[in-house]
Amino acid sequence: ILAAPLWATEANVETAFRKLYNFDFAGSQAEARSYSARQPNDPLGHATLAAAYLFSEMNRLQVFSKDMFEEEKVAGEQAKRIGQEAKAGFEEALRKTKTTAEAALGRNGKDTNALLALVIATGAERDFAALVEKRLKDSYYAAKASQEYALRLQQADAKVMDAWFTRGFSEYLVGSVPFFLRWLMKIEEVTGDKKKGVSYMEKCAREGKYLKPFAQMMLATIYQKEKRWKETRQMLELFAAEYPENPTVKKELEKLPKS
């Protein structure tokens, strides 16, 4: 039996991500599940499903329309609003990603597909804690793991630009916690420099693949927070041109100041 060609493998994952960024979450989840049913040992399929669950919850809780890095005053109240079925599905997708990826890395420690899957999955784990559940401090361990995988991925293949999103997010996340907590958040090659974090995410927003649109959305949020309206609009317009069916980005563009 001949193995499926690489382009066929990627097409399914890419379709799932395209549906995700158009905010067709049910379609994205269905595509990821279908792919993983055919390729159960490919961690990238499971990581894609985890990302679809993450974005679905972020959209349901209107995270994209808020200050993503502002910690909820009462985190418990936020947690009550999180869909338990979605959280269970998210955690199962994470588990499968980690199991299959670690098995692949056991065979080849520089398996870029496995490392990328772990970057995406642990990044989603970090974001679920930080952006959905509003538990910035609790997102630390996932952020640390995601950073380590991103560095390993860059060592294995420096051309995989998605790793820059994780590195940039880690910088910005640490820079967003209260100063007295930063000394507790020891993450490899991270100082909490927000400007550096933005520059790293900008690399992914220009040249990334699976995480490129997420980087664009994140940067638009950061630019908007800093009242950099022109750059906010430019970033959202880039996203909207590629994913015209996304309703949230359209609304955010309409709300921006005209000047």
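This is a predicted model: local features need pLDDT of at least 70, side-chain atom pairs count only at pLDDT 80 or more; totals for chains, interfaces and linings use all residues.
Reader: How many cavities of 30 Å³ or more does a search of the whole structure find?

Author: The search finds two.

Reader: What makes such a space a cavity rather than a pocket?

Author: A 1.4 Å probe fits inside a cavity but cannot get out, whereas a pocket is open. Rolling a probe the size of a water molecule over the atoms shows where empty space is left.

Reader: Which residues lie nearest the centre of the largest cavity?

Author: Phe64, Met217, Thr221, Leu236 and Glu252. They belong to a lining of 10 residues.

Reader: What makes a residue part of a lining?

Author: An atom within 4 Å of a point of the cavity.

Reader: Which helix gives the most to the lining of the largest cavity?

Author: α11 does, with four residues. Both α11 (212-225) and α13 (247-255) supply at least two.

Reader: How do the residues of that lining divide by class?

Author: Six are nonpolar, three are polar and one is charged. Glu counts as charged, and Met, Phe and Leu count as nonpolar.

Reader: What about the second largest cavity?

Author: About 90 Å³ of space lies in it. Its lining has 16 residues, and Ala51, Ile120, Ala124, Leu211 and Phe214 lie nearest its centre. Two or more lining residues come from each of α1 (6-21), α3 (43-60), α6 (112-132) and α8 (163-176).

Reader: Which of these elements gives the largest share of the lining of the second largest cavity?

Author: α6, with six residues. By class, the lining of the second largest cavity has 12 nonpolar residues, two polar and two charged.

Reader: Now the loops. Why is Phe23 called buried?

Author: Buried means under 20% relative accessible area. Phe23 has 11% relative accessibility, so Phe23 counts as buried. Phe23 is found in the loop between α1 and α2 (25-38).

Reader: Where is Gln62 found, and what is its phi?

Author: Gln62 is found in the loop between α3 and α4 (75-80). Its phi is about 60°, which is positive, although Gln62 is not a glycine.

Methods. Residues are numbered from 1 along each chain as its sequence is written. Side-chain values use heavy atoms; hydrogens and water are left out. On a 1 Å grid over the protein atoms alone, a cavity is a set of points where a 1.4 Å probe fits but cannot get out, and a pocket is an open set with protein on both sides within 12 Å along at least five of seven lines; lining residues have an atom within 4 Å of a point. Grid points are joined across faces, edges and corners, and a volume is the space filled by probe spheres set on the points. Buried means under 20% relative accessible area, exposed over 50%, partly exposed in between (1.4 Å probe, protein chains only).
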